[in-house]
Amino acid sequence: MREILTNKWFKFILVALLYSLWVIWMESYLWLIGLAVIFDMYITKKVHWAFWKKKNPPDGKQTKVVEWVDAIIFAVIAATFIRMFFIEAYTIPTSSMEKSMLVGDFLFVSKTAYGPKLPNTPLSFPFVHHTMPLSRTTKSYVEWIQNPYKRMAGFGDVENNDVVVFNFPHGDTVALNMPTQDYYQMIRSYGRDRIWNDKRTFGEIISRPVDKRENYIKRCIGIAGDKIEIVDGQVYVNGSEQKHFAGVQYDYIVTTNGTPINKRTLEKIGISKADQQVFNGSQYLYPLTDEYVKELQTLNNVTSVKRVNMPDGNWDKNIFPHDEQYPWNVDNFGPLTIPKKGETVNLNLKTLPLYSRIIDLYEEHDLEVKDSTIYVDGVATDNYTFTMDYYWMMGDNRHNSADSRYWGFVPEDHVVGKAVFIWLSLDKEKGFPANIRWSRLFSVVH
C-alpha cells in the first residue's frame with residue numbers, strides 16, 4: 001500500500017482527477033490546460049515549479065527557512081481555495097439580527113449552499129476583503145481583470161427564512177471617511193454636491209465591484225416572485241404571516257412607577273448598554289422579543305410595555321423606493337412583488353422608482369426619461385424583462401436594522417452564502433473568560 005501511495009503515477013492520477021472535477025464544477029474548461037502542469041510536476045519534472053526550493057539539496061533536505069516558506073505558501077493557497085469555494089468565516093458586527101444572531105458571534109458561511117460565485121476581481125491580497133491591512137483607503141485588489149457574474153453549482157437555492165450573507169447592494173459607491181455609511185442615504189440627507197466637495201468630512205468617493213462591497217447578514221424574507229407586505233410591523237409573504245422566529249424583536253416603550261429596572265434583569269434578557277435608552281427616568285426604550293415582553297410585564301415596578309409602531313401613511317423618505325408615490329415606512333410597507341428572472345413588468349412613471357436601480361445598475365442598461373417617455377438603451381419602452389432573480393432581506397431586530405426596507409432588492413449576483421453554525425461567541429461588554437457565551441458555541445443557525 002505504501003508503494004502505491006508513493007508511486008508518481010498514482011499521485012498524478014489522483015491530483016489530475018481532483019483537478020478535473022474542480023474544472024468541471026467551474027464549467028471553465030480552458031483551465032484543463034493545468035493538467036499539463038500537473039503532469040510535469042509529477043511525471044516529467046522538466047520545470048522547477050517550486051522555485052523557492054533547491055532542486056537537488058544536499059542530503060535531500062531543505063533548510064528550515066525553505067521549509068517554513070513552503071509551509072506558508074501551501075497554507076495560503078489551501079486557505080484561499082477553501083475560503084473562495086467552500087466555507088468562509090464571518091463576524092456579526094451590528095445588532096440588526098438580534099436576538100437570533102448576537103454582536104460578537106463568529107460563524108461559518110457555506111459557499112456551497114447556493115454555489116460559490118467566481119470572483120469579479122480575482123487579483124487581490126489574500127485574506128482581506130476590500131482594504132489593505134493597516135490602511136483605511138488602500139485597495140486590496142486591482143481591477144486589471146474584471147470577470148462577469150458566474151455562479152457554480154450548489155446544493156440548493158436561497159429559500160424563505162434562510163439567514164444569508166450578501167454584498168451590500170448600496171456599496172457600489174463609498175465615501176472613504178465614512179465607509180460604513182450608506183452613500184445614497186447620505187446623498188438624500190446632505191446633497192450630492194456637499195458629499196463630493198467636502199473631502200475633509202467625507203473623503204474621496206470611490207466605487208467598488210460587487211465582490212468587494214461590504215458583507216451584510218440578514219434573513220431572506222422573500223424570494224423572487226414573492227409578494228411581501230408589512231402591516232403594523234407584521235410581515236406577510238404571499239398573503240400569509242411570516243414564520244415566527246423566537247429571536248425576532250421590536251422596540252418597546254417600557255414605563256415604570258419611577259423606580260429603575262434591575263440591571264441583572266436587563267442583562268438576563270440580553271439588552272446591551274448601547275440599547276438602553278432612558279426618556280425621563282420612568283420610560284425606557286428597549287428592543288424586546290415576545291418572550292422578554294412577557295417577562296418585563298410581570299415586574300412589579302413596570303406599569304406598561306407598548307410596542308413602537310409608525311402609523312400607515314406616515315412616509316419615511318429614507319424607505320425604499322424613496323418616492324412620494326409610495327408613502328411607506330418601517331412598520332407599514334408594500335405590497336410589493338419581488339422581481340423574478342424572465343418575468344416582464346409594466347414600465348411607467350409610477351413603477352419606474354421600484355425598478356430604476358435594477359435596470360440601470362444591477363443589470364447595466366442605459367436608462368433615461370425624456371418628456372415622460374422611458375428609454376432603455378436608447379429605445380422607448382413601456383415594459384422590462386428581468387435577467388436576474390432578486391431577494392428581500394430583513395434583520396430580525398426589526399426597528400434597528402438597515403435592510404431591504406431602506407435599499408430595496410438584493411440581486412442574485414450579490415449573494416455570498418448561507419450562515420451555517422456559530423463556532424465562537426464573545427460578549428464585548430465583559431472581560432475574559434466571562435465574555436464567552438458558552439451556550440452558543442457550535443450552535444446551528446436558524
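The following dialogue discusses selected features of a predicted model.

Biologist: Why is Asp105 called buried?

Modeller: The term buried requires a relative accessible area under 20%. Asp105 has 0% relative accessibility, and therefore it counts as buried. This residue lies in strand E2, which covers residues 105–110.

Biologist: What makes the approach of the side chain of Asp105 to the side chain of Ser425 a polar contact?

Modeller: A polar contact needs a pair of N or O atoms within 3.5 Å. For the side chains of Asp105 and Ser425 the value is 2.5 Å. The side chain of Asp105 also makes a polar contact with the side chain of Arg440, at 2.7 Å.

Biologist: Which residues is Asp105 in contact with, leaving aside its neighbours within four places in sequence?

Modeller: They are Tyr90, Thr91, Ile92, Ile422, Leu424, Ser425, Arg437 and Arg440.

Biologist: How do you know that Arg440 forms a salt bridge with Asp105?

Modeller: The cut-off is 4 Å between a side-chain nitrogen of Lys or Arg and a carboxyl oxygen of Asp or Glu. In the pair of Arg440 and Asp105 the closest N and O atoms are 2.7 Å apart. Arg440 lies in the loop between strands E22 and E23, whereas Asp105 is in strand E2, so the pair ties together parts that are 335 residues apart in sequence. Both Arg440 and Asp105 are buried.

Biologist: How many salt bridges does a search of the whole structure find?

Modeller: The search finds 13 salt bridges. One of them joins Asp172 and Arg357, with the closest N and O atoms 2.6 Å apart. Asp172 lies in the loop between strands E3 and E4 and Arg357 in helix H10, so this pair ties together parts that are 185 residues apart in sequence. Asp172 and Arg357 are both buried.

Biologist: What makes the pair of Asp198 and Arg194 a salt bridge?

Modeller: The closest N and O atoms of Asp198 and Arg194 are 3.6 Å apart, and the limit is 4 Å. Arg194 has 40% relative accessibility and therefore counts as partly exposed, a class that lies between the limits of 20% and 50%. Elsewhere, salt bridges that share partners join Arg83, Glu88 and Lys111 into one network.

Biologist: Why is Leu14 called partly exposed?

Modeller: Leu14 has a relative accessible area of 42%, which is to be set against the limits of 20% and 50%. The residue is found in helix H2. A residue of a patch must have over 30% relative accessible area, and Leu14 is one of the residues that form a nonpolar patch on the surface. Other members include Met1, Phe10 and Tyr29, and the patch has about 1,100 Å² of accessible area together.

Biologist: Which helix gives the most to the nonpolar patch?

Modeller: Helix H2 does, with six residues. Helix H1 and helix H2 each supply at least two residues of the patch.

Biologist: Why is Glu291 called exposed?

Modeller: The term exposed requires over 50%. At 52% relative accessibility, Glu291 therefore counts as exposed. Its place is in helix H9, residues 290–297.

Biologist: Why is strand E12 described as largely enclosed by the rest of the structure?

Modeller: Six of the seven residues of strand E12 are buried, so the description applies.

Biologist: How do you know that strand E10 pairs with E12?

Modeller: Pairing requires at least two bridges. Seven bridges join E10 to E12, and the two strands run antiparallel. Within this pairing, Tyr250 stands opposite Leu288. Strand E11 and E12 also pair in the antiparallel sense, over two bridges, and there Val278 stands opposite Tyr284. The hairpin of E11 and E12 has four residues between the strands, and in it Gly281 takes a positive phi near 95 degrees.

Biologist: What makes E9 and E14 edge strands of the open sheet of four strands?

Modeller: E9 and E14 each pair on one side only. The order of the sheet is E9-E8-E7-E14, with antiparallel pairing. Two bridges join E8 to E9, and Val237 stands opposite Ser240 in E9.

Conventions. Residues are numbered from 1 along each chain as its sequence is written. This is a predicted model: local features need pLDDT of at least 70, side-chain atom pairs count only at pLDDT 80 or more; totals for chains, interfaces and linings use all residues. Side-chain values use heavy atoms; hydrogens and water are left out. Buried means under 20% relative accessible area, exposed over 50%, partly exposed in between (1.4 Å probe, protein chains only). A polar contact is a pair of N or O atoms within 3.5 Å; within protein, one must be able to donate a hydrogen and the other to accept it, and residues adjacent in sequence count only if both atoms are side-chain atoms. Contact means heavy atoms within 4.5 Å. Patches are made of residues with over 30% relative accessible area and no salt bridge: like charges are joined within 9 Å, nonpolar side chains (Val, Leu, Ile, Met, Phe, Trp, Tyr) within 5 Å. Accessible areas come from the Shrake-Rupley method with a 1.4 Å probe; for residues, only the protein chains shown count as cover.
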